[in-house]
Amino acid sequence: MIKKKALLAAGVTTALAVALVGCSAGNGGGGGGGGNNAGASKTNCANDIKVKDVPVVTYWGWLPDTAMTVDNFNETNDDVQICWSNAGQGGDQYTKLSTSLQSKSGAPDIVQIEYDWLNSFLIQGGLVDMTEHGIEDYKDNFTEGAWRDVSSGDGVYAVPVDLGPVGMWYRADIFEENGIAIPTTWDEYAAAAEQLDAATGGAVKIGNFAPNGQGQHYAFLDQAGAVPFEFDNGKQTEITINHNDDASKQVFEYWIDLVERGLVGTDQAWTPEFSTGLGGGKYATAIYPVWYNAHIPDFEDPEAGAVWRAAPIPQWDTANPVQVNWGGSTLAVTTQASDAALATKVAAELYNTEERQKLGVEEGGLFLAMPEMIESDYFKDLEYEFFGNQKFNGEFFVQAALDYEGVQFSPFTQYYYDEMQRLLSESIEGNSTASEAMDALQKSLETYATEQGFTLN
Amino acid sequence: MSTTPQLTEPRPPIAKKRGTSLDRKHARFGWVFLAPFAIIFLVFLVLPLAYAFWMSLHTNTLAGGEQFSGLANYVRAFNDERFLSGMVRVAGFAIIFVPIQIGLALIFALILDDVRTRFSRFTRLLIFVPYAIPGVIGALMWGFLCSPSFGPLVTLFELINAQAPDLLSRDSIFWSLTNIVTWQWTGYYMIIIYASLQSIDPSIYEAARIDGATKLQTALHIKVPIVASSLVLTIVFSLIGTLQFFTEPQVLSPLAGNAIDAAYTPNLYAYNLAFSYQQFNYASAISFALGLLVFLTSIVFLIATRKKSGLR
């Protein structure tokens with residue numbers, strides 16, 4: 001009898017456990033919102049198809065405005081419809097896309113990919129060269145930097161959607177209380193870090209150097225003039241890797257020095273550790289892109305009276321300021337698309353009306369890569385209530401986006417990011433100097449590239 | 001095949017003939033009953049394994065494309081520093097985990113077998129419950145408990161104005177993982193041992209009591225030897241589970257990125273190779289190499305303990 005009861009209890013708890021697993025598997029998007037409809041079937045849309053009996057293009061995306069933008073597109077187009085689904089956000093979706101490419105089925109026609117991951121899917125033969133389908137006609141709709149980011153050699157492999165011009169978010173109240181000027185150069189930033197440390201007894205750090213902040217680190221490298229990777233999809237077996245030059249070392253020596261002196265934190269990005277640190281007044285600045293304005297209010301306790309403002313990113317040389325980008329997405333067409341020309345057209349036109357661009361701005365919080373929108377008075381005059389109605393778009397972010405010149409990304413982003421994090425972690429923990437970390441990273445990347453059949457230039 | 005119907009006398013020829021046709025009929029029905037399982041077993045286990053093995057014999061580089069490469073991936077695996085250091089790490093885990101888990105499970109099972117009160121039944125459920133919590137959720141929960149900025153330990157240490165230790169740092173992650181896995185699996189092994197203790201004939205205990213054995217002596221000299229086969233079983237489970245260690249490091253890696261890298265355990269390495277680095281072929285080879293090592297370890301252990309376990 002006892003055994004029976006125990007079995008029953010075990011059974012009930014197991015059933016509960018199975019139910020819990022079921023729930024957790026369903027929410028795999030990690031805050032992506034929406035359902036997790038993997039697989040690009042045309043009957044499995046998150047949206048309603050408004051016009052029947054016309055070609056349907058499948059689309060994986062996770063932007064907050066996608067549901068509304070796609071609905072608007074379907075309502076205003078009667079010759080093609082989009083079937084949208086959310087296959088997870090960032091890495092989750094990339095894993096699914098990679099697996100679909102590997103298994104040669106299951107990928108959607110159009111897929112949202114962040115700039116830094118495009119080459120990784122290109123090298124897998126996953127993306128269509130849009131120049132074969134007339135993408136050049138749309139070139140003038142986008143900023144030059146964004147266009148360069150979606151190009152490789154003579155090909156264009158995606159349509160830019162939004163950008164992440166980088167600025168400095170800062171606690172105006174903390175700077176004011178301690179009588180510290182807002183830094184405009186990295187030297188001033190380091191000096192302000194010292195002053196802040198002295199004034200608060202180490203309680204407030206100027207910022208955070210996240211071991212896993214690869215997107216940020218790549219922007220820092222770009223700002224200092226480093227060109228870690230040169231890769232042209234036209235010559236797929238060749239690559240140039242230059243990750244231990246003076247510019248690369250300068251960037252990380254600067255940050256590791258701040259770490260060693262205890263002037264910046266080393267919380268992992270995108271963890272509750274960092275969020276509570278930023279919200280709890282542990283950090284006075286965050287070097288983040290414009291899209292971070294949507295995150296900061298979530299971290300901050302509104303009662304705490306914190307005053308957040310945005311300023312341009314500090315410079316190495318104020319005489320030659322360099323604007324950099326971190327993040328933002330593109331729409332690429334996969335090689336599994338049944339009609340690549342149609343998919344290219346849809347990708348290019350998804351955000352090409354003012355109405356849908358405004359949905360992107362207002363519902364998605366997007367900083368669109370389209371000069372027509374970001375140079376408009378409407379966009380420049382947007383006031384951000386949480387930031388004291390600051391009009392930071394017009395103040396400097398729009399100019400920063402227009403000045404951004406574009407970069408080249410690695411064709412093996414995941415490996416590169418993992419190795420960069422691993423080796424920088426060693427430096428953060430004091431096991432190696434920043435310079436040694438860069439040398440080790442260079443060696444690791446060269447070995448990997450050779451193993452993968454690349455010829456090093 | 002089967003000759004079980006005639007145990008006592010040799011079959012007359014005619015009976016043998018009839019028996020054979022009956023056997024055939026049985027065999028046919030046997031296959032019908034076996035089919036649902038056999039099909040699933042073939043489609044979802046044997047075929048994928050065969051396909052993965054075929055993949056492991058090929059090499060696919062990002063820039064070069066796919067070609068047959070024989071055992072080159074295996075040669076590479078057994079010379080791959082990251083794979084080998086992962087193996088050494090899980091071997092280290094096995095040396096720590098297995099004795100702790102099985103030791104605790106045995107002690108709990110012996111106590112619960114002896115003490116039969118309402119409280120002991122409740123305790124038994126309590127020890128078992130962590131196993132019923134999905135591994136991912138358990139690991140997430142411990143991730144928050146170990147958090148260096150808002151875990152309960154931080155609050156405790158703040159009371160005495162001290163800096164709480166970072167349980168997710170490179171130095172302590174090993175022990176944090178040990179803690180999580182012990183918490184999760186001890187109850188499961190305890191139930192197996194406990195069930196086997198329950199099946200012992202109580203008259204043996206009575207005989208021991210009459211002979212003047214203490215409870216400790218009964219436990220050590222009667223109970224433990226009788227449940228030795230269950231112990232061997234749980235140790236094998238525990239060993240295999242540890243060598244294939246994956247869920248907990250995978251879930252904790254975003255929180256402890258400095259301490260848990262992409263090749264922290266061989267299984268994690270295989271996963272990352274396939275799904276992060278698109279090296280499906282090499283990942284297959286790593287998986288088979290790991291499988292081989294797990295298989296060999298289990299076989300060696302089973303042979304070493306075959307007297308105790310009653311397995312031959």
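Is Glu429(A) buried, exposed or partly exposed? Hold that thought for a moment, everyone, and let me show you around. What we have here is a predicted model.

Back to Glu429(A). This residue has 16 other C-beta atoms within 10 Å. To be buried it would need 20 or more, and to be exposed 12 or fewer, so Glu429(A) counts as partly exposed. You can find Glu429(A) in the loop between helix 17 and helix 18 of chain A, where helix 18 covers residues 434-451. Gly388(A) is 41 residues away along the chain, and the two C-alpha atoms are separated by 38 Å. Leaving aside residues up to four places away in sequence, Glu429(A) touches Arg170(B) and Asn258(B).

Those two partners belong to chain B, which brings us to how the chains meet. On the chain A side, 38 residues are in contact with 30 residues of chain B. Which helices of chain A each supply at least two residues of that side? They are helix 1 (2-26), helix 3 (91-103), helix 10 (272-279) and helix 17 (413-428). Helix 1 gives the most, with 10 residues. By type, the side of chain A that touches chain B divides into 14 nonpolar, 20 polar and four charged residues.

Now let's turn to chain B itself. Chain B has 14 helices and two strands. Its radius of gyration is 26 Å, while the globule rule gives 20 Å for 312 residues, so chain B is more spread out than a compact globule. Along the principal axes, the C-alpha atoms of chain B fill a box of roughly 85 × 70 × 30 Å. Of its 312 residues, 34% count as buried. And if you take the contacts in chain B with a separation of 6 or more, 68% are between residues 24 or more positions apart.

Next, something from a record. An unreviewed UniProt entry annotates several stretches of chain B as "transmembrane region", among them 31-54, 173-195 and 224-246. In the model, residues 31-54 of chain B are 100% helix, with end C-alpha atoms 29 Å apart. For residues 224-246 of chain B, the span is 83% helix and the ends lie 31 Å apart.

Last stop: helix 7 of chain B, residues 173-198. At 1.5 Å a residue, its 26 residues should span 38 Å, and the end C-alpha atoms are 37 Å apart, which agrees. Where is the kink in this helix centred? Look at Trp185(B), where helix 7 has a kink of about 35°.

Definitions and conventions:
Residues numbered from 1 in each chain as written. Chains lettered and ligands numbered in written order. Predicted model: local features only at pLDDT ≥ 70, side-chain atom pairs only at ≥ 80, totals over all residues. Contact = placed C-beta atoms within 7 Å. Helix = DSSP H or I, 4+ residues; strand = E, 2+ residues; numbered from the N terminus. Nonpolar A, V, L, I, M, F, W, Y, C, P; charged D, E, K, R; others polar. Rg over C-alpha atoms; globule rule 2.2 N^0.38 Å. UniProt positions renumbered as here; feature names shortened; annotations may be inferred. Expected span 1.5 Å × (residues − 1). Bend = angle between axes of the 7 residues up to and from the residue.
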